Amino acid sequence: MDFVIETDRLVGGYGKSMVLREVSLRVPRASIYGFLGPNGAGKTTALRMLLGLLRPFSGEIRLFAEPLNGALPGILRRVGSLIEQPSLYDHLTGEENLEIVRRLKFLKRADAGRAIEATGVGEYIQRPAGEYSRGMRQRLGVAMAILGNPELLLLDEPMNGLDAGGLRSFRSVLKNLHQEYGTTIVISSHQFEEVEQVATHIGIMSSVGDLLFQGPREQLSARVPQELVIKVDRWEDAVKILTAGNFKVDLQREHIVIQGATTEMAREVNRLLVTNGIDIHHLAMDSATLEALFVKVTTTVKAWDAR
Amino acid sequence: MMAVAWALISTEAIKLRRTIAVWLAVGAPALAVLIELIAVFGRTAPPRGDAGAQWRLLLQPGWTAWFGFCLPMFIAFEAAYLAHLEHSGKQWKQLFAFPIPRWGVYAVKMLFCALLAGVSFLIAVTGFVIDVLSYGVVYGLHLASVLPWPEILATAGKAYAASWLLIVIQSWLGARFTGIISPVGIGFAALVMGFVLLPIGEGALSSWYPWLLPLRTFLAAPGDLHQTTLPAVFGCTGAVVSGAIACWDLARRRDFA
């Protein structure tokens, strides 16, 4: 597979405190990689290292298959970023802030116009950035990051401070970049419901800096045991069939529930019931939201599983 | 390379819009011009000698105030302020995520500090000349006809060149410390130390002390080319060498909050 970001056993932190522990990221080209973890898990630290802002204690980083150390600063032409809060010159207008970024990224004037339009910052772009609300600053930060449609976009908590309209337009910007330009996007966040709507791949960090899981979104659902909830026409027969098939079933009201199910198991249950002439009204994996999966992964998966 | 240099220079110019950086470059020499005006008009009698000697004597308070105090303090404030533009909004992390060499970011800061110091020199020189000419008009001295431009420009030019080392040192301090107080405080303390060293005379430390270099170009006898030029050459050479070391030192750091 073609990876835009590859790290090998990346260890790092600040001073003597270790924040990341042997993290090996693999971010496929043209993916939207939701980088999840509790506060202090090392997400920001990892993103800083990817930009060369922080030196790792050990391990290697490759961007676009090139070792980062040898490729700086030229490789940053292909990267857009927003790390934590946007860094704005408060005495300058939004337009002047954007102009600084445009010049330092060697882009055309038209690129700035496109970023303004895409993020909807045009209505206040002439005002000094010092007068902006948190959401307005965040939007301008996103505009600065996407300027010039970079091949790789690193966004650290980009949804912070955005209202419902801002979130909607942010999602549409990301989807547009992803679909039109094949941009690879890494979003670190703790807002699971937002990440869930856009991410194609997920990386989950533990609170102590281990990478617990990474892979396609569906793989996460398949890997984490969940509840399989089934509703059928003849439940007594269905229970007998499933028990004979070595499934451990519970009855909850009119539902049959199989604890610790995976998507593989769901397929098997479906096949078994259908071949035995049972009509299925409902068959679904429960608690498959990203947040629920995240909780299950962080409580059940050991770091070495992901390595 | 030219594209990178232009990007860095033009963005630095944008950053200075609506800041006090330019006002500092006007205000600091204005203070020296005011001191010169007070000193000249406070004289009990017009200076004796030929017009050249009169000019030299009348300009002396202005040069001393400018080279000895106003200029070093202006450089300390200006360098710290230019660096503060990046410290205040945590800009370094964003700047260094752009495809530009880090040393270039620091070098351009030093360049702009030197440019603004150049502007302040022009204002100071113009102000001093106007002060002296006004004095000549009031006291009936024919100073305008013998205006010694070459000597005035040489004095200012040498002091300006000598101040470059100071510009580099203060810019280095400004980039290293996140607040304005520390680099300005160090600059002020170093200047006071210079006043202590000054009476020592021709000792090695006193002669090559960066905060005294501009003043050294002026204190020697006007005809003593060696004594007036050497501090300027030392200031320039020192600026190039220490500038390279400063850029290397600052650029190698990789821990930006």
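Modeller: Two residues are in contact if their C-beta atoms, placed from the backbone, lie within 7 Å. This is a predicted model, in which local features need pLDDT of at least 70 and side-chain atom pairs count only at pLDDT 80 or more, while totals for chains, interfaces and linings use all residues. Residues are numbered from 1 along each chain as its sequence is written, with chains lettered from A and ligands numbered from 1 in the order in which they are written.

Where the chains meet, 24 residues of chain A are in contact with 24 residues of chain B. On the chain A side, the most is given by helix α3, residues 94-104, which supplies 5 residues; helices here are DSSP runs of H or I with at least four residues, strands are runs of E with at least two, and both are numbered from the N terminus. The side of chain A that touches chain B comprises 12 nonpolar residues, 5 polar ones and 7 charged ones. Here Ala, Val, Leu, Ile, Met, Phe, Trp, Tyr, Cys and Pro count as nonpolar, Asp, Glu, Lys and Arg as charged, and the others, Gly among them, as polar.

Along the principal axes, the C-alpha atoms of chain B fill a box of roughly 65 × 40 × 35 Å. Among the contacts in chain B with a separation of 6 or more, 81% join residues 24 or more positions apart.
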